[in-house]
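Please look at the model shown below, and keep it beside you while reading the report that follows.

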Amino acid sequence: MARILSGIQPSGTFHIGNYFAMMKPMIEFQREHELFCFLANYHAMTTIQKASELESYTIEAAIDFLALGLDPEKSHFWVQSDVPEVTELTWILSCHTSLGLLERSHSFKDKVARGIVPNSGLYIYPILMAADILIFKSDIVPVGKDQKQHLEITRDIATRFNNTFGEIFTVPDPLIEDEIAVIPGTDGQKMSKSYGNTIGMFEDEKTLKKKVMRIVTDSTPVEDPKDPEKCSIFALYRLFADEEQTQSMKEKYLKGGTGYGEVKKELAELMWRRFEPFRKKRLELEKDRGEVANILKKGAEKSRATAVKTLDEVKRAVGLIYG
Ligand code: ADP
Ligand code: TRP
């Protein structure tokens, strides 16, 4: 039984990219592993600065996870800022992390390139992420491909720290599923909360159809053969369809005679059905936000026990415990 940890920023409404890369695998792991799953609201603060937004995204994110099947009894499920030991560890690690390591961060450079005026928090984002992972001595961290470098930075920080102060941290392994490495959005680019190209799990039926119909395609005529590997609709279709449906759709593409509109209709139908079983649960949770907050607070208490222990070991090792 491995200890599996991952977090996700409540920085917008979750979408199917988040679902397949992070939420679904995490929910499945709770059956056979020790699962640590949290909402990274301190990370979200680096870009979401309106209090009402941060608050509502956080609770909505929790509602999504619980509706989709995360079981707070079987797992550890909490909000990052409710375990303050993580930010204490962040400071300690930041004093042992070279600037050069942060300067190489693609994620920082991408955000700046997109016009975000960077605050210092955005710069030390990877150290906070390392603290999240290392304080719980996680073995495996399931993430999307875009987080690969953050995991490398975490491994680097852990290894150097252990070399200097003794084997305190577990050096974690990332878990990146190749097939779902980059899920395209309605514009064909990576689906992302910040690009306005997302499809959510809990859209109403009309919006869902509208969004699927909007997915960009090339202009190959209906009768011509098409390349499924170059098509965003097919990339999404295969996530929702079973083996047989995927194979038969692939053949239709290659043969020609099937229009993109027809595939979109099938895709919208499959998407709607996939999330059907979770919709009722979500509506119930939505009505009892107080109870959702309680679940999160209990989750934080359960997780803190581990965090307090690791922080104590670290403080001893670096000379912060005296007398
Ligand atoms: P977003 O880009 O929507 O803000 P995040 O950066 O918060 O998403 O990512 C949350 C998790 O979901 C990460 O593990 C990330 O790798 C994964 N993820 C986000 N978008 C996609 C996508 N389009 N394809 C695959 N994985 C994704
Ligand atoms: N940076 C991650 C993302 O944007 C979120 C995150 C924060 C995280 N802390 C983490 C992921 C620890 C895995 C482990 O998706």
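## The shell around ligand 2

In this predicted model, the residues that form the shell around ligand 2 divide into 8 nonpolar, 5 polar and 1 charged. Altogether 14 residues surround the ligand, and the closest are Gly7, Gln9, Tyr125, Asp132 and Gln147.

## Polar contacts and burial

A polar side-chain atom of Asp132 lies 2.7 Å from a nitrogen atom of ligand 2, and a polar side-chain atom of Gln147 lies 3.0 Å from a nitrogen atom of the ligand. Taken alone, ligand 2 exposes 370 Å², of which the protein buries 91%.

## The pocket and its elements

The space that ligand 2 takes up is the largest pocket. Two elements, strand S1 (3-8) and helix H7 (120-135), each give two or more residues to the shell around the ligand, and H7 gives the most, with 4 residues.

## Aromatic pairs

A pair of aromatic rings is described by the distance of the centres and the angle of the planes. The count for this model comes to 16 aromatic pairs. One of them is formed by Tyr19 and Phe275, whose rings are 5.1 Å apart from centre to centre, with 80° between the planes, and this arrangement is edge-to-face. The pair links distant parts of the chain, since Tyr19 belongs to helix H1 (residues 16-29) and Phe275 to helix H12 (residues 260-287), 256 residues apart.

Definitions and conventions. Residues numbered from 1 in each chain as written. Chains lettered and ligands numbered in written order. Predicted model: local features only at pLDDT ≥ 70, side-chain atom pairs only at ≥ 80, totals over all residues. Heavy atoms only, no water. Near = heavy atom within 4 Å. Polar contact = N/O pair within 3.5 Å; in protein donor to acceptor, adjacent residues only side chain to side chain. Areas by Shrake-Rupley, 256 points an atom, 1.4 Å probe, with all protein chains shown as cover. 1 Å grid on protein atoms, 1.4 Å probe; cavity = no way out; pocket = protein on both sides within 12 Å on 5 of 7 lines; lining within 4 Å. Sits in = over half its atoms within 2 Å of the grid points. Nonpolar A, V, L, I, M, F, W, Y, C, P; charged D, E, K, R; others polar. Phe/Tyr/Trp six-rings, centres within 6.5 Å; stacked < 30°, edge-to-face > 60°.
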